[in-house]
Amino acid sequence: MESSSAVAGPDGLLRCPWGAEQDDYRAYHDDEWGRPVRGDDALFERLCLEAFQSGLSWLTILRRREGFREAFAGFRIAEVAAFGEADADRLLADPRIIRNRSKIDATLGNARLFGQWAEGELTELIWSHAPPAGPAPCRLADVPATTPESVALAKALKQRGVRFVGPTTAYALMQACGLVNDHLADCHAR
């Protein structure tokens, strides 16, 4: 078994293969992915972007992230919760985002739902599903698509009425927000 599938980027640093070549991926990999994210609005943004990514490349979302932020009022839950039908129509016409009616409706509905929760409740719910630290993955093949914790998180969110989040989306959120550290063992960002 090879010790690592980390690869050298143009700067010579070893990275997870997905974060080594494209500038957008490299910056995201080095500066954001796997770093702890807390705060309801920040986690709402990540949850929404992971849902919009479903079925698409993450690079598509990264390149549109600023457009998403502008279109969705910085993902401030209270503001998005106040969006109405005219806002939904505006979003459907906005080329800066992914114009999928189901995902837009889920985002607006989830904001209304989270707007009824106590401050910090979303953060607490998500972080309560963080697993204990495990061994560093050596190869991409060692990184799962789901875990028992992501299945439980998706179930807990769905039971509370949250839409467009399954175990794979929940695990991607957990990776992105630092609940798990799936940087490969030899990756400089680990």
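# Exercises on helix packing and burial

The largest nonpolar core has 50 residues, and Phe44, Phe68 and Phe72 have the most contacts inside it. Such a core is a set of buried Ala, Val, Leu, Ile, Met, Phe, Trp, Tyr and Cys residues joined through side-chain atoms within 4.5 Å. The model is predicted: local features need pLDDT of at least 70, side-chain atom pairs count only at pLDDT 80 or more, and totals for chains, interfaces and linings use all residues. Residues are numbered from 1 along each chain as its sequence is written, and side-chain values use heavy atoms, with hydrogens and water left out.

**Exercise 1.** Find which residues Phe44 is in contact with, leaving aside its neighbours within four places in sequence.

Solution. Contact means heavy atoms within 4.5 Å. With that cut-off, the partners of Phe44 are Phe75, Ile77, Val80, Thr107, Asn110, Ala111, Phe114 and Leu122. In soluble globular proteins, nonpolar side chains tend to be buried together.

**Exercise 2.** Describe how helix H2 packs against helix H9.

Solution. Helices (H or I, at least four residues) and strands (E, at least two) are DSSP runs, numbered from the N terminus. Axes are lines fitted to C-alpha atoms, for helices over the stretch in contact, and angles run from 0 to 180 degrees between N-to-C directions.

- Step 1: the axes of H2 (residues 40-53) and H9 (residues 167-176) come within 9 Å and cross at roughly 135°.
- Step 2: H2 is therefore oblique to H9. Angles under 35 degrees count as roughly parallel, over 145 as roughly antiparallel, 65 to 115 as roughly perpendicular and the rest as oblique.
- Step 3: on the H2 side, Leu43, Arg46, Leu47, Glu50 and Ala51 take part, and they meet Thr169, Ala172, Leu173 and Ala176 of H9.
- Step 4: by class, this contact of H2 with H9 has six nonpolar, one polar and two charged residues. Ala, Val, Leu, Ile, Met, Phe, Trp, Tyr, Cys and Pro count as nonpolar, Asp, Glu, Lys and Arg as charged, and the others, Gly among them, as polar.

**Exercise 3.** Work out how H1 is placed against H3.

Solution. 

- Step 1: the axes of H1 and H3 come within 10 Å and cross at roughly 85°.
- Step 2: this makes H1 roughly perpendicular to H3.
- Step 3: Asp24, Tyr25 and Tyr28 of H1 make the contact with Trp58, Leu59, Leu62, Arg63 and Arg65 of H3.

**Exercise 4.** Is Asp30 buried or exposed? Is Arg63 buried or exposed?

Solution. Buried means under 20% relative accessible area, exposed over 50%, partly exposed in between (1.4 Å probe, protein chains only).

- Step 1: Asp30 lies in H1 (residues 23-31) and counts as buried because its relative accessibility is 13%.
- Step 2: not counting residues up to four places away in sequence, Asp30 touches Arg15, Arg35 and His188.
- Step 3: Arg63 is in H3 and counts as exposed because its relative accessibility is 51%.
- Step 4: leaving aside neighbours within four places in sequence, Arg63 is in contact with Gln22 and Asp24.
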